[in-house]
Each structure stands twice: as structure tokens, then as C-alpha cells.
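Here is a briefing on the structure shown below.

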Amino acid sequence: MKNQRLPSDKEEDYEASQMASCCWWRSAAKFEECAKLKWEVPPDLSKVTPRLKVLREMERLALVSLEGLDDLRHKLFSYRCGDFWVPTGGFKKEEMDIPPVNTILLVGFHNAGKSSLVNLMYSVLGRSGLVPFAKTTSGLGPTTMSMEEHNVLRSMRSGFCVYDTMGFDYDRVDECVEELMEWVSDGVHHKQVCLSQGNSELRKEELGVPSFRSSSKFAKRKVNCVMVVVNISEIWKALKASDKNPLEDIKALFRSPALRHCNENPILILTHGDKLSTEDRIESRLRICEHLGISEATGVYDIVCLTEYGFLADESDPVTAYALTESVYRALLISDRNHLPKKNFQDWALLVLSWLMCLIGAFFALLASFFSKLGRKHIRTL
Ligand SMILES: Nc1nc2c(ncn2[C@@H]2O[C@H](COP(=O)(O)OP(=O)(O)OP(=O)(O)O)[C@@H](O)[C@H]2O)c(=O)[nH]1
Ligand SMILES: [Mg+2]
């Protein structure tokens, strides 16, 4: 659709009708108020309720999407890891420990839409058309069985990669959070099996033993930023049935100490919004953000991965395409802000010294236990 040539006035009409169909929030109650507030000088900030903030944020995305998408996409294309780093703490860039690529980890519960989000990234950022790269689920079982590294720009010079992970289980949140801690503290690699999730032996078989063995050859990546993907329609349905458990589980995941390692707050991606009415879609976003204790308008993106017709939203929906691109851009800003200085000689010396102290401590503990046993034996023989 984007490649069709139309006379300029028809092109404008087409763009206007296309925008109208993408701007689902404009039919919301209070939208008029949002528009009125825009023209108020100075704006009365006491009138800006959380609902109006969401509407304003959606309007912002719509406003910049047509002009800004190509610009932002170009920034991602030419991006090299560390480009968004800003000098802090008196260090030079070459003194910082900047990896070859930044790693964005997608996490969420089963069926949230993580793999669909990856496919949408390929489509919007990698201009791959509608070729699905990540396998999505249609049945009951989890589809993504191991970590999958994706270079969504499909470029050899890409400065970031995206990791699709296996969906978590609502019944086993504690285990999931523990495993997430391991991913964040130890790093992740392509084809890494998610062991705490269900039957790991079965999973190894499904992955194929040779590929499982060779998986250790894939580069280990430090997680630089996390995106939590949430099926907003699932949460809303549970809330309507007075079941707060899924919302609590999302909170346990979102606020887990593991995610505090990388950045202040993970980025929140809300999917499946197309399954809700406009009012429910806004209301559920407000409820989720309030429960998580985060702003409803910053660092949160409502991204429909699949339209009601089963197609990827891609560029035919400029607002979705822009929101997706901005979420990746934000993830890279966060990643580059959190690089640490390289270890210097003093750090290495301290590390070696601490290991040495541990060894000496263990040696003396061993000696103590040996001699105490010897002493007891000696007393018994007397
Ligand atoms: N209507 C609608 N369907 C979606 C959306 N996102 C994903 N889906 C569908 O939801 C189902 C689950 O999507 P996946 O992308 O496989 O979810 P996942 O999080 O990768 O699931 P696991 O790999 O099992 O953890 C698929 O049938 C998708 O087509 C969305 O925004 N709207
Ligand atoms: Mg998946």
C-alpha cells in the first residue's frame, strides 16, 4: 500500500482516512476535552487527569508518526552500540565497557505477543514485508521454547539485537522471576534453553540434541534493557471477572529485583488492545499502570501486533509503526545510559585479592575441621 503512487490530493485524502482508522482513541469519552486543553493558554494542569494524559500521548504519537517514522528509523539504521551514550561520572567513552551490540530482552507471560512483536519489528524496521521470522502460537502450549536472538534490522552493522524468550507461566511466577534474575545477571545466548519452565528434557528433545549442544558456541549477551509484554485484553477480562491474580503476577514480574539491575523501569508493551472497546482499552491501561506504579504516558506503548484480520499491523498503521520504533529507540537510550566503566588494573587486583582471601579462608576452614576430627579421635583413644 505504501508503494502505490497516487495524485497528491488523493494521496492526502488517503493519508487522512488511513490516520482516522488508526486513531482508535479519538472516539473515547473526554477526547473533546483533550483537544480543548491543547488550545488553552496557559493550560490548566489540574484538569489533566490520567485519562487525558493517555489521550494526549496517543495524539502525540499520531502527530509525529507520519513525519517522524522515517527519521527515527534512519537513526536506528545508522545506530552503533554506544551512540546514545552521554558523558557522565568523569569517564571518556573509550573507558566505558560498551558491548558490540545492545541486547533488548522481551519477557512476558505465555501468549502475550512477544514473538508477534519480533515479527512486527522485522516488518517495520527490517522492511521484510510480512515474512514471519519468529514462530507465533495459535494453540495452548508455549511456542517459543528457547531464547532466540533476532537482528530485526537485518543488517550486518546493526548495533542492537532483540531476544525473544519463552513465555512465563502464571502459576509459577516465583520460578520465572528467579530464572529472569539468572538471565539478567549471567547474560543470555541464542538457543539457550529455559530450564525452570516445565519439562526441560522434553524441550531439549524438541530443540534437537545437536543444536542444543552447539548452542554453547553462540555469543553470550549482557542484557541491556528489558521490555515487558502484556496481553492487555487478558488482564482486562480477568479484572472484569474480579480476578486480580494476573495483574498481581505482572506486577511481580515488572517490579522484580532482576529488572532493577538494568534500568529504573522496564519498558511496558501492551498488546491485544484491538480486542477491547476504546473505553476498556484506555481503562485497562490506566489500571495496569496504576497498579505497577508507573506513568501511564511515558515508557508505555500500546502496540497491536496483529490486526483483527490476522495481519501484522506494520506500516499501514503509522501510529503503531511509530510507537514500535520509538519503543526500540527508548530501549537503546536506556541501554547506552547504563554502561559501566571498564574494569581497570585496580579492579582486577581487588578481584584477584578477594579470590585469594576466599581460598585462604577455605584452606584454614579445612585445616580446622581436620584437626578437630583428629583431636576428637585422640580424646576417644585416651
Ligand atoms: N488480536 C491480536 N492478536 C495478537 C496480538 N499479538 C499477538 N497476537 C496473537 O496472539 C497469539 C500469541 O502470540 P505470540 O506472539 O505467539 O505470543 P508469545 O508471547 O510469543 O507466546 P509464547 O511464545 O508462547 O510465550 C498468536 O495467535 C498471535 O497471532 C495483538 O496485538 N492482537
Ligand atoms: Mg513466542
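In this predicted model, helix α8 (residues 232-240) and helix α9 (residues 245-254) have axes that come within 8 Å and cross at roughly 135°. α8 and α9 are therefore oblique to each other.

**Helix pair**
- On the α8 side, the contact is made by Glu234, Ile235, Ala238 and Leu239.
- α9 contributes Asn245, Pro246, Leu247 and Ile250.
- By class, the residues of this contact are 6 nonpolar, 1 polar and 1 charged.

**Sheet**
- An open sheet is formed by 6 strands in the order β2-β3-β1-β6-β7-β8, with mixed pairing.
- β2 (148-150) and β8 (300-302) each have a single partner strand, so one side of each lacks a neighbour in the sheet.
- From one strand to the next, the twist averages 25°.
- Strand β1 (residues 102-108) pairs with strand β3 (residues 160-164) in the parallel sense, over 5 bridges.
- Leucine 105 has tyrosine 163 of β3 as its bridge partner.

**Helices on the sheet**
- Helix α4 (residues 114-124) packs on the sheet and touches β1, β2, β3, β6 (225-231) and β7 (267-271).
- The direction of α4 makes about 150° with that of β3.
- α8 also packs on the sheet, touching β6 and β7.
- The direction of α8 makes about 50° with that of β6.

**Confidence**
- Mean pLDDT of the protein is 85, and 81% of its residues reach 70 or more.
- Residues 1-5 have pLDDT below 50.
- Where pLDDT is low, the predicted coordinates should not be read in detail.

Terms used. Residues are numbered from 1 along each chain as its sequence is written. Chains are lettered from A and ligands numbered from 1 in the order in which they are written. This is a predicted model: local features need pLDDT of at least 70, side-chain atom pairs count only at pLDDT 80 or more; totals for chains, interfaces and linings use all residues. Axes are lines fitted to C-alpha atoms, for helices over the stretch in contact, and angles run from 0 to 180 degrees between N-to-C directions. Helices (H or I, at least four residues) and strands (E, at least two) are DSSP runs, numbered from the N terminus. Angles under 35 degrees count as roughly parallel, over 145 as roughly antiparallel, 65 to 115 as roughly perpendicular and the rest as oblique. Two residues are in contact if their C-beta atoms, placed from the backbone, lie within 7 Å. Ala, Val, Leu, Ile, Met, Phe, Trp, Tyr, Cys and Pro count as nonpolar, Asp, Glu, Lys and Arg as charged, and the others, Gly among them, as polar. pLDDT is the predictor's confidence in each residue, from 0 to 100. Two strands pair if DSSP finds at least two bridges between them.
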